[in-house]
Amino acid sequence: MKKWMITVHLNHEKWTLTSRKINIDNGIFRGDSLSPLLFCIALAPLSTLINKSWYGFIINSHLFYMDDLKTFAKDDEEQQKILTIVNAFRDDIMMEFGLDKCAKATFKKGKLTSAENINLGPDAVMQDLEQDSTYKYLGINEGDGIQHAKMK
């Protein structure tokens with residue numbers, strides 16, 4: 001990251017203002033009002049890569065909000081392909097996943113079924129969501145059905 005540099009361009013109808021090259025020495029600070037915008041700009045290409053892959057469902061193959069990503073696929077094979085794209089993008093921008101916060105859920109006929117974990121690399125495995133377990137997406141516990149006690 002110490003080699004990262006950005007140049008900011010402010011376009012107006014009649015002129016463009018360009019900043020000097022700005023070194024990026026640290027990550028994005030939490031709480032800074034510019035952080036969400038910079039984070040979204042950095043991850044927007046990932047959404048495009050997933051959409052252009054044609055894996056998942058044509059209507060919607062993923063939901064993306066800030067650092068929460070949820071992918072959808074018709075089977076585990078396509079899910080593996082989507083996550084391979086996500087993992088390659090992660091490697092390209094040198095971002096770390098909190099795999100301890102990730103889970104893979106396989107539903108068949110509307111019911112959560114047991115499936116194999118997804119291997120994302122030598123030291124990265126996405127665990128299959130166990131029956132009666134939940135994961136958080138946008139701060140909400142999700143799983144097979146509504147977990148009323150956990151939601152309260």
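Is Lys74 buried or exposed? I looked up its accessibility and found 57% relative accessibility, so Lys74 counts as exposed.

**Entry 1: the model and its confidence**

I noted at the outset that I am reading a predicted model. I found an average pLDDT of 75 for the protein, with 81% of the residues scoring at least 70. I then compared the elements: strand 3 (residues 16–18) has the highest mean pLDDT, 91, and helix 3 (residues 148–151) has the lowest, 62.

**Entry 2: the overall build**

I recorded three helices and 12 strands in the protein. Of its 152 residues, 23% count as buried. I looked up the accessible surface and found about 11600 Å², with 56% of it belonging to carbon and sulfur atoms. I also examined contacts between residues at least 6 apart in sequence, and 34% of these join residues at least 24 apart.

**Entry 3: a nonpolar patch**

Which residues make the nonpolar surface patch of about 360 Å²? I found Leu34, Leu37, Leu38 and Ile41. I followed up on Leu38, which I located in helix 1 (residues 35–53). Its relative accessibility is 35%, so Leu38 counts as partly exposed. That value is also over the 30% that a patch residue needs.

**Entry 4: the salt bridges**

I counted three salt bridges in the structure. I kept in mind that side chains of opposite charge can pair when their charged atoms come close.

I turned next to Glu77 and Lys81, whose side chains meet in a salt bridge at 3.5 Å, N to O. Where do these two residues sit relative to each other in helix 2? They are four residues apart in that helix (residues 76–93), so about one helical turn separates them. I noted that Glu77 is exposed, at 54% relative accessibility, and that Lys81 is partly exposed, at 32%.

Asp91 is partly exposed, and I recorded a relative accessible area of 43% for it.

I located Thr71 in strand 6 (residues 68–71). Its relative accessible area is 16%; because buried means under 20%, Thr71 counts as buried. With which side chain does the side chain of Thr71 make a polar contact? I found the partner to be the side chain of Gln79, at 2.6 Å.

**Entry 5: Leu112 and Gln131**

I placed Leu112 in strand 8 (residues 111–113). Leu112 is buried, with a relative accessible area of 7%. I then looked up its separation from Gln131, a residue 19 positions away along the chain. The C-alpha atoms of Leu112 and Gln131 are separated by 6.9 Å.

Methods: Residues numbered from 1 in each chain as written. Predicted model: local features only at pLDDT ≥ 70, side-chain atom pairs only at ≥ 80, totals over all residues. Heavy atoms only, no water. Buried < 20%, exposed > 50% of the residue type's maximum accessible area, 1.4 Å probe, protein only. Contact = heavy atoms within 4.5 Å. Areas by Shrake-Rupley, 256 points an atom, 1.4 Å probe, with all protein chains shown as cover. Patch = residues over 30% accessible without salt bridge, like charges linked within 9 Å, V, L, I, M, F, W, Y side chains within 5 Å. Salt bridge = Lys/Arg side-chain N within 4 Å of Asp/Glu carboxyl O. Polar contact = N/O pair within 3.5 Å; in protein donor to acceptor, adjacent residues only side chain to side chain. pLDDT = per-residue confidence, 0-100.
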